[in-house]
Amino acid sequence: MEVCHIALSDLHMGEEDSILTPPLGEKESEHEEHWRPLGDFFESVISKNRSLPNLILMGDVVEFALSDPTDSQRLFFEFLRYLLLRRGLFGRVIYLPGNHDHHIWELSKEAQYISYVNRKGSIALKERPWNRTKAYVTKEHHFVTPYFWQGLMDDGVDIKVLYPNYFLGDEEAKLLIAFHHGHFLEPIYILLSRLKRLLFGEEIPSGIDTLEEENGPWIEFLFSSFGFSGEVGKRAETLYELMQSKRSMERFLSGLSSRLLGELGIRGPLNRLLDLPLSLFLRYLLRLVYRGHERKRPSELFSKELESSLQWYINYPLKAQLFEDKGLPPSFPFPYKRLAFLFGHTHKPFVRSSLPNAQWVSAYNLGSFVVDSYQRNLSYGLGIALLDGEGRIGVMIFRDHGPYEGEKGLQIEGEESLMRAIRERLNKGSLPGFLRWHSEERSRRAMEMRKRVL
């Protein structure tokens, strides 16, 4: 049994709360030592392989919104060089951008389109730039080569970009494995399409290309560009962290309401009179915006709203792209009996072997490498997906259990034979080291966040 693919999501390289971002003050020469427990873990997982697996990175990998993009990309380059060149752990990297690294897709799309126009000439300008790649990859040119990372590729790192879906099909087992970051499952990331429906009565598009065309600029502006805005970007991260503390956020909103009134020329006693109702309104508005945000529902691993959105995404955008990529007519029956859907985005790992209204669908969430709150919550954690060549999937989930307590924080879900074989490989000693590293790094980041917030 060989591990053919290892999938990770939400690395958020460069963000100070990611356990993959080396601690402040650590020298660059010490970074590899920081990542060694993860490298040892991967080395054990593939120890019986005859060939190197693919590394599938499922979005929010390079942090473009809440850290300096230059620093984040430099760290990402260093991380890939360590895994692929120093340790020789992977053959190819398949990169699916999400919302925090949507800029990677924008750059990829532009590079691809410019290359196409240069080849075809002015006649190509009659066609609109495409907003997605093929998800069902059958030829090498279906991947997009990220020429803006030429230096990384010149070093020997084989990296390709797809957006927003990637499909692996097992025709014999009638199984489709779909990878997607997960941002299109939340209403806030299709906001412009929802506004179009509200204002003009038009339906939310069922095609991936149109869905991205309508909402890509919104995702790019609010979720993938703040890191380029200097001091404003740093303040955006401060606001994000303030939301961890109700008291701190209320103090901030109270000051904001007073400043807003001052900007309107309202000062003195009238300012003080209107300050309280305005600050209460701002708090209500904040709750309204985040009410449907999965990251702000720590008590729910998989909410009813997310489940409903997942079923919509599968039945419409994902199905439409599958049929288009395979050249099937819309009336054709769905060609697979089982669908395994892997995503991240919510930072809450879980495995669902079937969904209530779609028992042919299995859902796998891979969590994140990020510490989301200084308050311990077992909903959050990290998932690592392992796939063999026969369509079997297993996920190792590491939750935040506080101080290291052996394998207390480990949860193994998926195909039993696959995970049993993996477990035998990990018994050599790499697992305890990884678990300790994961636990200690999460605890350290949580304490640092608590100091900043409070």
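Residues are termed buried when their relative accessible area is under 20%, exposed when it is over 50% and partly exposed in between, as computed with a 1.4 Å probe on protein chains only. The model is predicted, so that local features need pLDDT of at least 70 and side-chain atom pairs count only at pLDDT 80 or more, whereas totals for chains, interfaces and linings use all residues. Residues are numbered from 1 along each chain as its sequence is written, and side-chain values use heavy atoms, with hydrogens and water left out.

Thr133 counts as buried because its relative accessibility is 3%, and this residue lies in the loop between α3 and α4 (150–154), where helices (H or I, at least four residues) and strands (E, at least two) are DSSP runs numbered from the N terminus. With neighbours within four places in sequence left aside, Thr133 is in contact (heavy atoms within 4.5 Å) with Trp105, His142, Val144, Val161, Leu162, Tyr163 and Gln321.

Pro69, which is placed in helix α2 (residues 69–86), is likewise buried, with a relative accessible area of 4%. When residues up to four places away in sequence are not counted, Pro69 touches Glu63, Phe64, Gly227 and Phe228.

Helix α6 (residues 208–223) bends by about 50° at Asn215, with Pro217 following within four residues, the bend being the angle between axes fitted to the seven residues ending at a position and the seven starting there. The buried residues of α6 include Asn215, Gly216 and Trp218, and the elements covering the buried residues of this helix include α3 (102–120), β5 (165–170), α5 (191–200) and α10 (304–326).
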